[in-house]
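Student: I would like to learn how to read the interface and the cavities in a model. Please take one feature at a time.

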Amino acid sequence: MSQVLISIYRYNPEQDSKPRMQNLEVEAPGDRDLMVLDVLELAKAKDPSITYRRSCREGVCGSDGMNINGVNGLACITPLSKAAGPARKLVLRPLPGLPVIRDLVVDLSQFYEQFEKIKPWLINDEPPPAIERLQSPEEREKLDGLYECILCACCTTSCPSFWWNPDKFVGPAGLLQSYRFLADSRDEATAERLAELDDPFSVFRCRGIMNCVSVCPKGLNPTRAIGKIRNMLVEQGT
Amino acid sequence: MSGFRQISFDAIIVGGGGAGMRAALQLSQSGFRTAVLSKVFPTRSHTVSAQGGITCAIASADPEDDWRWHMYDTVKGSDYIGDQDAIEYMCMEGPQTVYELEHMGLPFSRTANGRIYQRPFGGQSKNFGKGGQAARTCAAADRTGHALLHALYQGNLKNDTVFLNEWYVIDLVVNQDGAVSGVTAVNIEDGEVCFVAAAATVLATGGAGRIYASTTNALINTGDGVAMCLRAGFPAQDMEMWQFHPTGIHGAGTLVTEGCRGEGGYLINRDGERFMERYAPNAKDLAGRDVVARAMVLEVLEGRGCGEQGDHVMLKLDHLGADVLNSKLPGILELSRTFAHVDPIREPIPVVPTCHYMMGGIPTNIHGQALTRNEAGEDEAVPGLFAAGEAACVSVHGANRLGGNSLLDLVVFGRAAGKHIDELLQQGMQARQAAPEDVDRALSRLRRLDTSSEGENTAALREELQSIMQLHFGVFRTGEFMREGIAKLEALKPRIENSHLADKSATFNTARIEALELENLFAVAEATAIAAEGRDESRGAHARDDFRERDDDNWLCHSLYFPEKRKIGKREVNFRPNVVDTFQPKARTY
């Protein structure tokens with residue numbers, strides 16, 4: 001067993017007038033590298049009032065995005081050794097820039113609203129064939145790096161442009177999904193989709209800071225997708 | 001209890017996974033006011049973790065493929081206690097259901113001619129077992145569940161389904177006629193308690209793998225729907241049948257898809273021997289999951305396990321080459337590097353059979369109607385109650401599910417339940433009235449927790465429950481050892497019934513949710529234990545050391561667990577498909 005020090009952001013609106021950091025020590029098995037979520041579960045066994053979201057515990061559901069020692073990531077696939085370093089001290093805060101509901105749980109409404117704004121569904125009004133719509137492997141390959149998004153919000157909440165304009169800038173996750181449909185050979189709403197993005201804020205607030213790319217737990221590249229949308233908008237404008 | 005709000009819908013779906021969202025989609029498309037109540041945002045549901053694919057005869061990999069062959073495989077895989085009317089319906093409706101998903105946008109992988117890519121999976125054959133290995137599992141790389149769940153969520157957004165996300169359903173509201181009027185639920189964010197009334201209540205709450213210590217299942221898989229039925233006095237079917245997936249990552253429990261073996265990977269023991277050749281000379285590593293899991297355990301027990309403790313075997317993939325692994329199994333590379341600290345391009349993955357899937361559940365007919373037993377011992381639909389997906393037992397999986405059949409089950413029977421409810425609503429089905437005391441009863445366990453002043457806390461009790469199940473009700477079972485397990489569960493029961501919730505706050509109180517979930521885990525575990533002890537034969541996933549043979553004279557039937565008597569009875573298997581001839585039971589070899 002070895003000691004892990006955790007500093008957790010605590011805020012329960014029923015009890016606290018303002019947030020505070022709570023320091024805890026947890027005994028962790030020394031024989032393997034735990035994930036940050038494992039450490040949180042040990043902490044919660046000691047203090048059941050510690051609050052966070054979690055589900056799949058394998059990095060595919062996107063529930064446990066949080067700020068881990070200053071960097072957004074998924075607690076379940078971030079190894080303790082990587083996050084805490086040799087000092088074995090974890091600092092856990094909620095994803096930045098969104099209202100906190102309690103402890104590490106943020107209100108994701110704005111994030112989801114921006115996602116819904118881009119019409120995240122396939123639009124094709126032609127009557128479908130009796131079998132599947134055909135798509136070549138090359139056409140399908142264009143969706144790789146896009147469809148894998150798990151909506152964890154790590155990217156969008158690390159983006160200064162989103163912090164500044166969360167109501168008007170779609171943000172990296174929403175734009176990645178927008179391009180996922182723009183790039184799909186089966187989707188017929190390209191013009192309509194672009195028209196809805198063609199304003200100074202929705203896309204063009206992206207300043208290429210690339211925080212989204214460095215934090216994405218799935219290794220996706222929203223900045224590149226935003227660049228492609230930008231090009232499509234510019235081409236369409238000429 | 002006073003002061004709860006009532007909300008009403010035409011239909012409510014409990015659970016936002018594949019089955020729930022497919023049912024909701026059907027009803028929203030027809031314009032009915034439909035709400036999905038999900039304890040997590042829908043794309044966090046466990047369907048997201050399905051990897052390898054969805055099996056059905058779309059005849060892409062093999063133009064001659066036939067849904068009847070898929071049906072044969074599924075009946076055989078079930079060890080002959082899958083209901084043949086339901087399996088026939090699933091295999092026949094499968095292709096249309098998969099095309100609908102594709103039309104909705106699901107990004108399937110593709111073949112050179114633009115069709116959906118299909119890969120071989122365990123237990124698949126051509127020509128009724130006589131034509132060799134089939135490739136029938138439709139895949140979106142190794143992220144099919146993720147792609148499917150997101151496509152369904154997108155479809156529901158498009159069709160204006162109401163989502164009550166992060167709402168936790170406490171219990172069914174059953175009126176004096178035994179009809180279901182809706183559910184009681186708590187909005188997790190602010191703690192508000194509501195009675196959600198509807199003409200139809202669909203339980204699509206998924207599995208309960210968290211009754212075991214080692215499981216591939218998400219932390220949210222706590223058997224909520226099955227437990228609600230048991231508390232309401234409705235029976236559960238085939239609860240002894242739990243699938244142990246051959247390839248969970250050793251130590252972490254994370255799933256490694258059967259698609260790895262479908263793409264050509266195989267298992268080796270400490271001597272580097274491909275041992276499945278001895279256990280299943282024809283299908284080898286693609287035999288039924290129960291067969292492979294037992295072979296792995298036997299290798300370990302006989303001293304041929306890998307690692308310092310000799311407690312696992314290895315899954316070898318490196319011979320497939322980096323290109324195949326990167327394009328077909330990218331998620332597996334990620335998971336192996338993260339959780340097993342190995343790179344499958346160069347070295348094998350340490351794996352061990354891990355609790356994966358609940359074949360049993362709420363008995364239903366093919367329209368998703370939940371069934372109970374009347375006093376004459378006949379099946380009877382529970383008015384207002386439906387179930388689909390892993391929570392239900394329709395039963396297409398019988399004693400052992402084939403890989404790729406769970407996603408198919410979800411969408412086929414989610415859709416079937418939706419269609420049937422649609423018809424009933426068109427015919428004027430109304431919500432059944434509930435009296436205040438009916439709602440009150442469905443709030444009693446919440447009230448107990450909220451007024452508890454002493455008792456043990458959830459985490460330690462849950463861990464105890466999980467180790468009892470892991471030890472006494474695992475891959476191999478014996479009567480005496482199971483009876484010991486049942487005695488331990490009996491001792492644990494009052495401690496869970498008197499557990500203590502220290503934190504009474506209303507805002508996002510996950511301690512309260514976990515305490516409620518623990519009661520559900522216990523209810524499912526108890527049903528599992530009693531059903532497992534009762535079935536004195538070996539069939540499919542249920543392997544008894546003290547009854548090693550399949551006993552068709554006594555047990556070619558479902559078990560039905562009655563919660564009030566805490567005993568099992570028997571229920572007939574359906575051997576009457578509508579279109580094809582019955583598949584008669586025979587010895588099951590691979």
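Student: How many salt bridges are there between chain B and chain A?

Tutor: This is a predicted model, where local features need pLDDT of at least 70, side-chain atom pairs count only at pLDDT 80 or more, and totals for chains, interfaces and linings use all residues. Residues are numbered from 1 along each chain as its sequence is written, chains are lettered from A in the order in which they are written, and side-chain values use heavy atoms, without hydrogens and water. A salt bridge is a side-chain nitrogen of Lys or Arg within 4 Å of a carboxyl oxygen of Asp or Glu. Between chain B and chain A the count is seven. In one of them, E148(A) pairs with R143(B), with the closest N and O atoms 3.8 Å apart.

Student: How many residues of chain B are in contact with chain A?

Tutor: Contact means heavy atoms within 4.5 Å. On that rule, 61 residues of chain B touch 59 residues of chain A.

Student: Where is empty space left?

Tutor: Rolling a probe the size of a water molecule over the atoms shows this. A cavity is a set of points, on a 1 Å grid over the protein atoms alone, where a 1.4 Å probe fits but cannot get out. Lining residues have an atom within 4 Å of a point. The largest cavity has 49 of them, and H46(B), T47(B), G206(B), N221(B) and E390(B) are the closest to its centre.

Conventions
On a 1 Å grid over the protein atoms alone, a cavity is a set of points where a 1.4 Å probe fits but cannot get out, and a pocket is an open set with protein on both sides within 12 Å along at least five of seven lines; lining residues have an atom within 4 Å of a point.
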